[in-house]
Amino acid sequence: MNRRTVIKNLALVIGGAALLPSCLHDSGKASIALKKINVSADQEKFLADVAETIIPKTDTSGAKDLNLHLFVLKMVDDCFSKKDQTAFMSGLDKLSKEAENRFGKPFGQCSQSQRESLLNELDHKQAEFYKAQQANKNAKKEVPADDMLAFYAITKGETVFGYTNSKYFMTKQIVWELVPGRYNAYFPVKNLKPNIKHG
Amino acid sequence: MANLNVDSAKQRTYDAIVIGSGMSGGWAAKEFTEKGLNTLMLERGRDVKHNINYPTTNMYPWEFEHRGEVPYDIQQANPVISRCYAFREDAMHFFVKDTEHPYIQDKPFDWIRGYQVGGKSLMWARQTQRWSDYDFEGPARDGFAVDWPIRYKDIAPWYSYVEKFAGISGNKDGLDNLPDGEFLPAFPLNSVENYFSKVVSNNYAGRNVISARCAHLSVPQPIHIQQGRVQCQRRVLCQRGCPFGGYFSANSTTIPWALKTGKLTLRPYSVVQEVIYDDKKGKATGVRIMDAQTKQVIEYYAKVIFVNAAAINTNLVLLNSKSQRFPKGLGNDSGVLGKYVAFHNYSARISAEYDGEMEWTTDGRNPAGGGYIPRFRNVKKQETGFLRGYAAGFSAHRGMDTNSSGVGKNLKENLGHPTLSNWKVGSHMMGETIPKETNTLTLDTTKKDDWGVPLLKFNIAYDDNDAKMKQDYFEQMTEMFTKAGFKNIQTNDSKQAPGLDIHEMGGARMGNDAKTSILNKWNQMHACNNVFVTDGACMTSTSTQNPSLTYMALTARAVDYAVSEMKKGNIA
């Protein structure tokens, strides 16, 4: 995956996550085996809190229930360039410090609205960045140069991608059918069930 | 081979050898074995058994480790194959990695390969149209290649023959530039595809948008049930291998059929180094392979040899088959072997939106992919500044729009409630390129691969004709889209290298004249009558239609001829 795909995932949004925890769980380290990035248990916890802020538990499962933060780590580890991985890790620490500076406590202990206000700020910047890119067709599509924004863009993109591709989402929210057994070329919109993925 | 005794040689002797197990090789094996010949099929890759070796075929999106994405390291290590639309996590095990099988690009060429039993017939896009006399007569009329040694009437019965067995869906459209075939019911066009079809035929004489013809069992016939195949389930996950046999592949159709006769020996992991030509006997006597796993070199013998390694590898095998009689490659008296390679041009696309027909959408998936626009340029007379023309795909669909801005409960709510988008329409060009002497495949004189075969060098490029044709496609399609009231029309020139279309053809072309071609009208070598080539390498010109159906028909026809010649004692 490249930075372009991150943006595509943000813009398009398809589909969740369930990963096997590593058998050799060394406390102080991330709970899944990673090949390239080095993630501590604290960093993992922070990421889980960010993902949970993006997709919170409501009357239905949230990011933590679905292990979306582990999916984000898996994707960053396997599907991103070294440059993007470095920006992700550096941005993760910067955002963690930013929360402490702003609210005087760790991100995970902040209220939902505090956490959301911080991430929505980044979401807004991300949208502006994306808009500018679309306006300038010749520009190379990239994740923002700013590390904190790059971390956010990757985390948001992969959390949403993981959520909308989770078994939970694809069987309970927007049902994805392996075997439709049909092609109706003329289907009245009024008969459309919005929770079935038709095409 | 000093250690081989006579008995061993006898065990390694067959009536026929088929090199390659894909689209055309599968047909050769089926036809030979049905006619009672003991046949050896050599495949360089591993075995892929229908419905057994399709590891991802029933997986849900969430079951893929990376939800479909190809990991970064694999992409970086394999830039060529990573550009192929179907090289995704679900099917990447069926594609050859650049790093495992290198080649030399004097000019960029994206060589897309499938080294396994079934070859690329497992992952193809399944579009199947007949060629017309406009295609077979084209070179003679325009002078851009040598005359085809056959006309439509020569191949028409063979199109019918293979269509009935393979199962081709389509409408009888009654177009002289795209002959009708033996069709199963077509997959219908949707509301906007039909609307565009009407706009086009109302505004232009000789232009049509029809339902794409494709190798899917819309309604299976008894012959298909007998093959063990059932109705296409409209999954549109074909590139993973279809457990229903819903589309035609060598794995689901021709190879099992040939195996049932008891006459087929299928040998995977067999990298063909060369066809053996015996200078004393004056004919080809067999094939030398290296076992890909053991690295053992083995010779197999037969009366007749069909080379179906896929166009480019067929050129490689023939170029590497050198003898006193044929120092420049088997059958290459004319010197044209490896030259006049051509392909299709898929580098142009156009997209737009439409806000009419809003009461309709589609339900399920269309395996045919939508509509097809047969070639309408220079068909009956030369009317443009470029030679030949292009066909095009056309399709319309409505997706779901999702507001994915922000974070938290609202975002979650929005993701679960997408809204139906307006219609998006798109088309891609399938342009005919002109076979040129300068478009060549040659062998490197020093570098060899791990199986003792010289590396192939590509010197293939687009030319001015392709640029003019692309320009015309953009102009004509923009005009047609505008007439249809489509909005936000956007053209896209991918500037991709040749090859990504996966329609490479030529190099061992057919022709009437042995001085300018390698094969005669029966796909038989002019200079070595027990060797036949019926894959893409045989093509004299490329037309604008997808070529696979023509390979199937030419193969069945050539086997029929070869066996009758064997019976007459003309091939011994």
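The paragraphs below follow the salt bridges of this predicted model, from the overall count to individual pairs.

Side chains of opposite charge can pair when their charged atoms come close.

In chain A, the side chains of A:K64 and A:D49 meet in a salt bridge, with 2.7 Å from N to O. This pair links distant parts of the chain, since A:K64 sits in the loop between α2 (41-54) and α3 (68-79) while A:D49 belongs to helix α2, 15 residues apart. A:K64 has a relative accessible area of 39% and is therefore partly exposed, whereas A:D49, with a relative accessible area of 7%, is buried because it falls under 20%.

In chain B, a salt bridge joins B:R288 to B:E274, whose closest N and O atoms are 2.6 Å apart. B:R288 lies in strand β9 (residues 283-291) and B:E274 in strand β8 (residues 270-278), so the bridge ties together parts of chain B that are 14 residues apart in sequence. B:R288 is partly exposed, at a relative accessible area of 21%, while B:E274, at 17% relative accessibility, counts as buried.

Chain B also holds a salt bridge between B:K49 and B:D47, with the closest N and O atoms 2.9 Å apart. Here B:K49 counts as partly exposed at 43% relative accessibility, and B:D47 counts as partly exposed at 22%.

Finally, residues of both chains come together in a network of salt bridges, in which A:K35, A:K74 and A:D78 are linked with B:E65.

Note on methods. Residues numbered from 1 in each chain as written. Chains lettered and ligands numbered in written order. Predicted model: local features only at pLDDT ≥ 70, side-chain atom pairs only at ≥ 80, totals over all residues. Heavy atoms only, no water. Salt bridge = Lys/Arg side-chain N within 4 Å of Asp/Glu carboxyl O. Helix = DSSP H or I, 4+ residues; strand = E, 2+ residues; numbered from the N terminus. Buried < 20%, exposed > 50% of the residue type's maximum accessible area, 1.4 Å probe, protein only.
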